[in-house]
Amino acid sequence: MSAKLVVQMLEGETTETAMARIALTPEYQSAAAMLSCQNLGGTPLMELAGELKIQTAALKQGDMSRAEDMLLAQAHALSGLFSNLLSRAMGAKHMDAFESYMRMSLKAQNQCRATLQTLGELKTPKQIAFVRQANIGNQVQVNNNGSKPARTRKTKKAQNEVLEAEYGERLDTRATGTAGNADSAMATLGKKHRADKR
């Protein structure tokens, strides 16, 4: 089937550049693809492209009804394809044919699901919340008294302070301790009562 391309020329445009411009528009490319892939009878290319232009203009105005209709129709076609391939798989005599039909039927089923999911997202778009947040990082300084914070300088990581009696002074666990106030009658062990080996 040959279709004639009617060209409307813009000011200062040659016939060749006008034909190239029109042939590269999405509507004309889609119309040509539809005519070559589908049995549309004697539908002229220009009228088909003109209808696609009307639908494109409606979409630009925010009318999504045609896209919704298309997705639902495609989901039905994919569902029919799934059923057809599944019944062929069940009637297959050989394992290779069964596996091949099952694989294709499940791909059609998955594509049907994805098409319906896309349709659902068109009908009820996901709500996106934009939250303003300051990314401060790991170290946060809180000033409760309202005064300016003192400059901090990086120091070596402090060692475990539990093992220090006073700041910077390590406890000597081998030294003889002093008697506590709890039981003053008790004294520390003398050297002769200590264990020979620790």
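**Figure 1. Accessible surface and overall make-up of the protein chain.** The accessible surface of the protein chain comes to about 17,600 Å² (Shrake-Rupley method, 1.4 Å probe), and 54% of this area belongs to carbon and sulfur atoms. The model is predicted: local features need pLDDT of at least 70 and side-chain atom pairs count only at pLDDT 80 or more, while totals for chains, interfaces and linings use all residues. Residues are numbered from 1 along each chain as its sequence is written, and side-chain values use heavy atoms, with hydrogens and water left out. Of the 198 residues in the protein chain, 14% are buried (under 20% relative accessible area, 1.4 Å probe, protein chains only). The chain has 5 helices and 2 strands (DSSP runs: H or I of at least four residues for helices, E of at least two for strands, numbered from the N terminus). From the N terminus on, the order of these elements is α-α-α-α-α-β-β. Among contacts (heavy atoms within 4.5 Å) with a separation of 6 or more, 38% join residues 24 or more positions apart.

**Figure 2. The α2 and α3 pair.** The axes of α2 and α3 come within 8 Å and cross at roughly 130° (lines fitted to C-alpha atoms over the stretch in contact; angles run from 0 to 180 degrees between N-to-C directions). The crossing of α2 past α3 is right-handed (near helix turned clockwise from the far one by less than a right angle). On the α2 side the contact includes Glu27, Tyr28 and Ser30; on the α3 side, Lys53 and Thr56 are among the residues met.

**Figure 3. The largest nonpolar core.** Ile22, Tyr28, Ala31, Leu35, Leu45, Met46, Leu48, Ala49 and Leu52 form this core of 9 residues (buried Ala, Val, Leu, Ile, Met, Phe, Trp, Tyr and Cys residues joined through side-chain atoms within 4.5 Å). Two or more core residues come from each of α2 (26-37) and α3 (45-60), and α3 gives the largest share, 5 residues. In soluble globular proteins, nonpolar side chains tend to be buried together. Leaving aside residues up to four places away in sequence, Leu48 touches Ala31, Met34, Leu35, Leu40 and Thr43.

Figure 4. Ser105 lies in helix α5, residues 95-123. Is Ser105 buried or exposed? Ser105 is buried, because its relative accessible area is 0%. Not counting residues up to four places away in sequence, Ser105 touches Phe82, Leu85 and Leu86.

Notes:
Buried means under 20% relative accessible area, exposed over 50%, partly exposed in between (1.4 Å probe, protein chains only).
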